[in-house]
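I opened the notebook to record what I looked up in this structure. The entries follow in the order in which I made them.

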2 protein chains.
Amino acid sequence: MITELVSVGTEILLGNIVNTNSAYLSEKCAQLGLSVYYQTVVGDNEERMKATIRTALDRSDIVILTGGLGPTEDDLTKEVTAEVMGIPLVEDPHSRELLEAYMEQYKNNNSQRRITANNYKQAMVPQGALVLDNHNGTAPGLIIEKDGKTAILLPGPPNEMKPMFEEEVFPYLRRKQPEIIYSQMIKICSIGESQVADEIRDLIENQTNPTIAPYAKTGEVHLRITAKAENEKDCRKLIKPVVHELKGRFGKNIFSTDEKKTLEEAVIDMLKDQGLTLALAESCTGGAVASRIVNVPGASEVFGHGFVTYSNRAKRKFLGVKKSTLKTHGAVSEKCAKEMAKGGCFVAKSDICLSITGIAGPGGGTEEKPVGTVFMGCCYNDKVIVREFHFTGNRMKIREQTTAHALAFLRECMLEGVTRKE
Amino acid sequence: MITELVSVGTEILLGNIVNTNSAYLSEKCAQLGLSVYYQTVVGDNEERMKATIRTALDRSDIVILTGGLGPTEDDLTKEVTAEVMGIPLVEDPHSRELLEAYMEQYKNNNSQRRITANNYKQAMVPQGALVLDNHNGTAPGLIIEKDGKTAILLPGPPNEMKPMFEEEVFPYLRRKQPEIIYSQMIKICSIGESQVADEIRDLIENQTNPTIAPYAKTGEVHLRITAKAENEKDCRKLIKPVVHELKGRFGKNIFSTDEKKTLEEAVIDMLKDQGLTLALAESCTGGAVASRIVNVPGASEVFGHGFVTYSNRAKRKFLGVKKSTLKTHGAVSEKCAKEMAKGGCFVAKSDICLSITGIAGPGGGTEEKPVGTVFMGCCYNDKVIVREFHFTGNRMKIREQTTAHALAFLRECMLEGVTRKE
């Protein structure tokens, strides 16, 4: 089925935000076997929205719209879509109830928030539409079907849109598909995007069914193997030898074959399996690695202590880094990373400690240690492995890459048996 | 002038890559005063490209296309645009020379690269087009003008497209503009999106020039005031009373009027102004607040120490939270937040310490303290202010909101004079 993604929002047209929703939805549609022919972004302008939605419904079977469902005057997606499809808006009592409950909660707890008249606009829905509850915000999603066309309206904020898509829209779209599409994910870390592309070029060049699609993420590459067949069993049969081949090629660098498992989850699972506790000693990442670890519910089983030792004083005081090390080698050095990791293990009484110290820029680089130079240390049982990395990009990009590679490095250290009990 | 951005590439429609080019170009166009009404993504398909480019040239004055200029069979942007505009392709000797020089260099350095016949396709240009040299790749850019319409063709890889845009396209477009556009940003925290919308409804309803556009971010609302006039001075004159009015309405909740300044930068500026050092004691945010503080280059001047005390043991050991507090009140309590903030100040020897402890879920909630309950403490000079928050959504969203509100809370405490030296 031909599918079109329409993102509504002047903030996208002004470049205030990057349209990550379209990338996310495109990937999901590919997984569902839907052919996305167009992505369109239109501003919060009634006439242009009308034209865009009309064209999209004309040339596509399914139109997925994101954004413009909020309570402000500018939020017109629902109103315009209903008008284009010729369906009146009616109040949905359930949505109104949810909205009131949500706002009530805010009112009780935070005197600065109050229900305003325009919030109620969010409880109006096109007659006969399927209403999708929003558990993470106030604007419900909608599925509208008419004359063989489907319009799916989702809230713009990714943290509202994604759970709604996964819980309700994905199963709905799967049921619409005549053929079974089945896919298997393989998630890789510790190898770069172009090396992965090189390693699978022969497979991709000759592929028909199943297909392999690579997705580059920061510090990770995901390969999705997708098969089409009459039933799931046949799909699995088609996929099996390809997965086997890829496992042979990427071996230990595969950290997950589970769609939903993140790198931090994989790391926490390994820690749990080996019965180890983790401490973190971060400088340039400033707590970002700890924050990713804490993304995982139940992280407290293996992670209790993190140190953000951004200053030299903190490195000395809390991790016991030697004054002479800082003086002779500097805070961004193999020796400092080593002492940070050792110190972290000792003071947190943890089995393992990962340390990160580097230059995120824009200042602070030298010829010898340019911006992007990062040292990571991993300590277990008084042994420390240190590795030097060099990242490129602006401060934000260097810190993101450092964070992702820190998790991969920790995983590698555990795989290489550094932490295996003797 | 009405402008449209067209990105060509099936890899975007499959979600393999995020379309960052459009965000970049949109921001540049806004800066140039060009009105971007649409962004469109189309795959490497001749028919659909033809339709898309025809529509774009129909409804817009300037169409900026990215991608599809490479040497492969799939790269059709130039061919299709020339056909739609009715202009024949001819070989550009200068481009052929550059191409040969570039390929020669690669041949010498990398045996895997060689000039292929289809590389020469890149030296063909629409007759009369302005050719833009590509210093970072092989595909030249093109500016084609005909019948009052302008098509600008740029290579897809951002590291080729961006320098070409800045060096050649930006000055070209600036020369085309008859009117000046000027905008002023106002960034607000500590008030919700719909309350902001309420407060400015009257202004937005009657606006013509300048206009106010609200952007909701997690824990922040941004208002962009944009004026059009003959020169920058007139623009400023139009904007001034609106900015004055908004300052009157939102007062202290405005944390910046600078486009680029983030909430964390505003907080760091306040700390610097007051000559204060900051420590952080984080539980449920797990280092995310520290990581946002460290986003700011030069944060080390005011921030040296962060504690991620995710376990009770860490709260006791590093921050001196009392065993009895944890036993009687629990880790998520006013008393614990208070002791964490006090302890953080003491051990880090900092002037001020912000503490955060809460339940991010999905587990751990009780009737009395449901998931989303967060206590934050701010300690200065042995005094602690504690505030209770209730956030909703999934674990990720609760943690994101907590992080944003933690910065806003810290700012409020500083504003309210908690930290003012006596």
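Entry 1, a pair across the chains. With which residue does A:Glu73 form a salt bridge? I found that the partner is B:Arg201, and that the closest N and O atoms are 3.2 Å apart. I note here that the model is a predicted one. Between chain A and chain B the count is two salt bridges. I then looked up the classes of residue on the side of chain A that touches chain B: 36 are nonpolar, 31 are polar and 13 are charged.

Entry 2, the contact between the chains. I looked up how many residues take part, and chain A gives 80 residues and chain B gives 80 residues. The area buried between chain A and chain B is about 6600 Å². Carbon and sulfur atoms give 51% of that area. I also looked up polar contacts, and 31 residue pairs are in polar contact between chain A and chain B, with both residues at pLDDT 80 or more.

How many bridges join strand 14 of chain A to strand 14 of chain B? I found five bridges, and the two strands run antiparallel. In each chain, strand 14 covers residues 303–309. I picked A:Thr309 and looked for its bridge partner in strand 14 of chain B, which is B:His305.

I placed B:Leu89 in strand 4 of chain B, residues 89–91. Is B:Leu89 buried or partly exposed? B:Leu89 has a relative accessible area of 30%, so I wrote it down as partly exposed. Leaving aside neighbours within four places in sequence, I listed the contacts of B:Leu89, among them B:Lys78, B:Ala82 and B:Met124. B:Val125 and B:Pro126 are also in contact with B:Leu89. I looked up B:Ala123 as well: B:Leu89 and B:Ala123 are 34 residues apart in sequence and 9.7 Å apart in space, C-alpha to C-alpha.

Over all chains, the count comes to 46 salt bridges. One of the salt bridges is formed by A:Glu166 with A:Lys28, where the closest N and O atoms are 3.5 Å apart. A:Glu166 lies in helix 6 (residues 158–176) of chain A and A:Lys28 in helix 2 (residues 20–32) of chain A, so this pair ties together parts that are 138 residues apart in sequence. I checked the accessibility of each partner. A:Glu166 is partly exposed at 31%, whereas A:Lys28 counts as buried because its relative accessibility is 11%, and buried means under 20%.

A:Arg249 forms a salt bridge with A:Asp202, the closest N and O atoms being 2.9 Å apart. What does this pair tie together? A:Asp202 lies in helix 7 (residues 193–205) of chain A and A:Arg249 in helix 8 (residues 232–250) of chain A, so the pair ties together parts that are 47 residues apart in sequence. The side chain of A:Arg249 also meets that of A:Glu245 in a salt bridge, at 2.8 Å from N to O. A:Glu245 and A:Arg249 both lie in helix 8 of chain A, four residues apart, which is about one turn of the helix.

Terms used
Residues are numbered from 1 along each chain as its sequence is written. Chains are lettered from A and ligands numbered from 1 in the order in which they are written. This is a predicted model: local features need pLDDT of at least 70, side-chain atom pairs count only at pLDDT 80 or more; totals for chains, interfaces and linings use all residues. Side-chain values use heavy atoms; hydrogens and water are left out. Contact means heavy atoms within 4.5 Å. Buried area is the accessible area (1.4 Å probe) that two parts lose on being put together, summed over both. A salt bridge is a side-chain nitrogen of Lys or Arg within 4 Å of a carboxyl oxygen of Asp or Glu. A polar contact is a pair of N or O atoms within 3.5 Å; within protein, one must be able to donate a hydrogen and the other to accept it, and residues adjacent in sequence count only if both atoms are side-chain atoms. Ala, Val, Leu, Ile, Met, Phe, Trp, Tyr, Cys and Pro count as nonpolar, Asp, Glu, Lys and Arg as charged, and the others, Gly among them, as polar. Two strands pair if DSSP finds at least two bridges between them. Buried means under 20% relative accessible area, exposed over 50%, partly exposed in between (1.4 Å probe, protein chains only).
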